[in-house]
Amino acid sequence: MVLQLVMAPNWCGCGVASANSTKISTNAFKMSSNRFNFSKPYPGRAYRVTAYYSLTTPPYELDALEPYMSKRTVEIHWGKHHNEHVERLNKHLKTSAFYGHTLEEMVKATYNNGSPLVEFNDSSSVWSHDFFWESMQPNGGSMPKGGVLDQIEKDFGTFTNFKDEFTFAALSIFGPGWVWLYLKKNERKLAVAPTQNAISPLVWGDIPIIGLDMWEHAYYLDYKDDRSAYVNNFLDHLVSWHSVMVRMMRAEAFVNLGKPKIPVA
Amino acid sequence: MALLRSIAISSNKTITLARSARSLTTATLPPLPYSYDALEPVISGEIMMLHHQKHHQTYVTNYNSALELLHTAMDKGDVSAVVGLQSAVKFNGGGHINHSIFWKNLRPVNAGGGEPPHKKLGWQIDTDFGSFNALISKMNAEGAALQGSGWVWLAFDKELKRLKVETTANQDPLVTKGATLVPLLGIDVWEHAYYLQYKNVKLEYLKNIWKIINWEYAGEVYEKEAQ
């Protein structure tokens with residue numbers, strides 16, 4: 001997440017053309033009071049530094065997911081839809097009480113236990129879309145290895161069972177939504193769940209591991225109404241098991257997935 | 001042994017057959033009153049074909065399956081199954097209702113599509129919204145502001161005897177917003193309704209769709225309800 005520094009209203013960003021700055025000290029190396037002060041270009045005026053969100057770039061070229069997700073889809077999905085959410089979020093933040101929160105905090109707080117506040121939709125969409133691009137990679141899919149595979153087999157029986165459950169959940173959504181593989185903190189196991197609109201497992205306190213956007217704009221240009229082809233291609237060719245591994249590792253800082261090794265006397 | 005069992009089962013079946021002699025009226029996909037490409041260039045033939053043959057057909061098919069399951073659950077007295085099926089019935093049944101109205105709301109330009117409403121509906125629009133253009137602006141604004149999927153409606157409130165602009169989410173039919181609301185005109189703002197042609201520019205789709213709106217149908221429904 002990149003924070004952009006934006007100076008408050010009076011800063012024009014252009015070469016300062018005020019009477020004060022034309023005074024150039026003849027001895028430029030002296031720490032004199034004539035030295036140009038970049039943080040206060042107009043002495044006597046008040047300043048407020050503000051920071052807003054910007055559109056993070058997917059970790060691959062926009063055509064890298066072809067032929068399973070076309071460049072055109074990624075360009076529009078990322079460049080228009082995702083971008084619009086960022087811009088709307090920033091617009092809300094100008095007057096919102098949640099300015100200054102991290103995105104995750106904002107999603108949880110603005111969900112407001114089911115009566116979402118106005119910032120929820122955009123903040124959750126921004127978070128989820130960042131998560132979505134990072135859930136995919138070129139030459140993704142196939143099988144996870146090692147610890148991730150073990151955990152999936154432990155919690156779903158077989159890898160195929162996991163894929164079936166994930167696909168079923170994806171196709172069961174009425175209207176726009178997402179499908180998630182997530183880690184249940186309390187039960188300390190992986191699970192699959194569909195959600196409506198912009199909701200993610202963050203709102204109920206669990207840890208998302210894979211997120212797949214099931215809104216029509218995510219697949220319509222490439223697959224028209226054939227949602228199962230979209231989900232199958234995601235699982236077989238796009239999902240980044242590398243990202244999953246990293247996310248699981250991070251999750252283990254919060255959730256103890258191991259079995260205690262009790263020494264036998 | 002097998003024979004005895006099948007007799008027992010068939011006698012049970014006779015009882016159930018008698019109870020479900022009220023026949024199950026399933027839904028069918030209504031034909032489009034115009035050809036798939038008749039609404040071009042406002043809505044492409046490709047979109048119309050997918051929208052009608054795939055999306056609407058899926059709602060019909062899934063509604064019928066949900067209805068069958070509901071029927072069985074009701075016969076068995078399985079209350080939790082009955083309750084559990086409500087969302088499937090609402091979603092798919094709503095999709096069928098809404099799209100059936102939508103096809104009638106559209107009309108090719110060369111058959112009068114886009115002709116503004118006259119007579120009673122025209123006057124009612126002027127009374128309730130100020131002008132025809134004000135209504136269009138309002139509906140476009142509501143449609144554009146809708147997050148997710150849904151519909152934007154021009155509704156007639158039978159009780160208050162006035163027009164109203166409403167939105168519904170997903171495939172909720174208009175009655176979910178008020179039992180006295182009658183749909184005169186519905187615009188589908190699900191992405192499948194415009195995405196292939198307009199991509200994310202929903203507002204462009206909304207601005208253009210007024211060129212193919214069938215105000216004659218809306219007027220007929222209004223005059224029938226307003227008596």
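User: Which helix of chain B holds B:H51?
Analyst: This is a predicted model: local features need pLDDT of at least 70, side-chain atom pairs count only at pLDDT 80 or more, and totals for chains, interfaces and linings use all residues; side-chain values use heavy atoms, without hydrogens and water. Residues are numbered from 1 along each chain as its sequence is written, while chains are lettered from A and ligands numbered from 1 in the order in which they are written. Helices are DSSP runs (H or I, at least four residues), as are strands (E, at least two), numbered from the N terminus. B:H51 lies within residues 45-76 of chain B, which form helix α2.

User: Is B:H51 buried or exposed?
Analyst: Buried means under 20% relative accessible area, exposed over 50%, and partly exposed in between (1.4 Å probe, protein chains only). B:H51 has 1% relative accessibility, so it counts as buried.

User: What is the largest C-alpha distance among the residues that UniProt lists for "binding site"?
Analyst: The UniProt record, an unreviewed entry, lists B:H51, B:H99, B:D188 and B:H192. They are spread over 142 residues of sequence, yet cluster in space, with a largest C-alpha distance of 12.4 Å. UniProt positions follow the numbering used here, feature names are shortened, and annotations may be inferred rather than shown by experiment. The distance asked for is 12.4 Å.

User: Which residues does B:H51 touch, not counting residues up to four places away in sequence?
Analyst: Contact means heavy atoms within 4.5 Å. On that basis, B:H51 touches B:H56, B:H99, B:F102, B:W103, B:D188, B:H192 and B:A193.

User: Which strand holds B:D188?
Analyst: B:D188 is buried because its relative accessibility is 0%. Beyond neighbours within four places in sequence, its contacts include B:H51, B:H99 and B:Y205. B:D188 lies in chain B, in strand β3.

User: What covers the buried residues of α8(B)?
Analyst: Helix α8 spans residues 202-209 of chain B, and its buried residues are B:K202, B:Y205, B:L206, B:N208 and B:I209. Their cover in chain B includes α4 (86-105), α6 (132-145), β3 (181-188) and α7 (195-198).

User: How many helices and strands does chain A have?
Analyst: From the N terminus on, the elements run β-β-α-α-α-α-α-β-β-β-α-α-α. That gives chain A eight helices and five strands.

User: Which residues does A:S124 touch, not counting residues up to four places away in sequence?
Analyst: A:S124 lies in helix α3 (residues 120-134) of chain A. Its relative accessibility is 1%, so A:S124 counts as buried. A:S124 touches A:V107, A:A198, A:I199 and A:S200.

User: How much space lies in the largest cavity?
Analyst: On a 1 Å grid over the protein atoms alone, a cavity is a set of points where a 1.4 Å probe fits but cannot get out; lining residues have an atom within 4 Å of a point. Grid points are joined across faces, edges and corners, and a volume is the space filled by probe spheres set on the points. The whole structure has two cavities of 30 Å³ or more. The space in the largest is about 50 Å³.

User: Which element gives the most to the lining of the largest cavity?
Analyst: The lining residues include A:H85, A:N121, A:S125, A:H129 and A:W215. The top contribution is three residues, and it comes from α3(A).

User: How much of chain A is helix over residues 53-136?
Analyst: UniProt (unreviewed entry) places "domain: Manganese/iron superoxide dismutase N-terminal" there. The end C-alpha atoms of this stretch are 22 Å apart.

Definitions and conventions. 1 Å grid on protein atoms, 1.4 Å probe; cavity = no way out; pocket = protein on both sides within 12 Å on 5 of 7 lines; lining within 4 Å.
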